[in-house]
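Subject: Structure for you to look at

Hello,

Here is the structure we talked about. Please open it first and then read the notes below it.

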Amino acid sequence: MEYLKMLKELEADCRPSAVENLVAKARALAERNQNPEVYCQCFACLDLTSLRETDNEDSIATFARKAAQCATSFSNIPEVASLCVYPIFVDAAGLALGDSNIAVTSVAGGFPASQTYLEVKMLELAMSLENGADEVDVVMSVGQFLSGNYEAMASELQMLRDEAGEDTTLKVIIESGVLREPALIRRASLLVMEAGADFVKTSTGKTAVSATPEAAAVMCVAISDFYRKTGRKVGFKAAGGISSPADAVLYYSIVQSILGEEWLNPSLFRIGASSLANNLLSELEGRPITYF
């Protein structure tokens, strides 16, 4: 019942009108944030992602080498935060990244549906780490959550947290586009944080509705409230359908307006995307770029 107690202690106003006001404030800030400095900061917070059915060791190795060389190929461009790949390609990505500071993120735990045995989820996570993953993205059991089995859902995440260990960054996807309602998005965010998540992530990018500014605002308020209650800073990751620099800057501005400047770094803010990298490079270089 510890999770239910925490939810009761952190009840809050989740009316759509309150959420709309937060997003409107962030949109106004985003208009001022459309500049090269913010584009570079968004690039540095990228989890550059390749989760295609056609991925193979050669394509992922090429992808990783390009990521490692990007900062030298373009002037004043920072490295991305991480590469996000399927578990089977963790080793190939890590070898190709070489001495770069780019982390390797593996999706795991039955991604993207999380509909498998806990033992399978734990084994997949463990194998990802054994092959060199620095960070792991898992999906909470959305079915358990929507059935009201909060304790079971959170306890499973807590076991995955224990399996990952303290040195691994664990990002938990709540699939906000499926939850839809602000109250459910907040509740899921609080539960996964209490279960030990280092980041709360919007989406897998595999559902009809992925990240939305409204969901991001609700999640960031939950992160702020959780921090005030526990003293623990949890990061926010937006992912799914984010492709334009304007999209990236809006999510950056949501984090800035709700959580503050101290969250605007790769240790607490990430954007999971693929085409966004080229689009940010194009904006910064002032010409079309198809580097990745």
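Phenylalanine 74 has a relative accessibility of 9%, so it counts as buried, the cut-off being under 20%. Please keep in mind that this is a predicted model.

Tyrosine 291 counts as buried too, because its relative accessibility is 14%.

Now the aromatic rings. The count comes to seven aromatic pairs. Phenylalanine 74 and tyrosine 291 form an edge-to-face pair, with 5.2 Å from centre to centre and 80° between the planes. This pair links distant parts of the chain, 217 residues apart. Phenylalanine 74 lies in the loop between helix 4 (57-73) and strand 2 (82-85), while tyrosine 291 is in the segment after helix 13. Phenylalanine 145 and tyrosine 150 also form an aromatic pair, a tilted one, at 5.2 Å centre to centre and 35° between the planes. Both phenylalanine 145 and tyrosine 150 are buried.

Ring pairs join Phe63, Phe74, Tyr291 and Phe292 into a cluster. The ring of tyrosine 291 also has the charged end of lysine 66 over it, 5.6 Å from the ring centre. Elsewhere, the charged end of lysine 233 sits over the ring of tryptophan 263, 5.5 Å from its centre.

Is serine 282 buried or exposed? Serine 282 is buried, because its relative accessible area is 16%. Apart from neighbours within four places in sequence, serine 282 is in contact with Arg287, Pro288 and Ile289.

Regards

Key: Residues numbered from 1 in each chain as written. Predicted model: local features only at pLDDT ≥ 70, side-chain atom pairs only at ≥ 80, totals over all residues. Heavy atoms only, no water. Buried < 20%, exposed > 50% of the residue type's maximum accessible area, 1.4 Å probe, protein only. Contact = heavy atoms within 4.5 Å. Phe/Tyr/Trp six-rings, centres within 6.5 Å; stacked < 30°, edge-to-face > 60°. Helix = DSSP H or I, 4+ residues; strand = E, 2+ residues; numbered from the N terminus. Lys NZ or Arg CZ within 6 Å of the ring centre and 35° of its normal.
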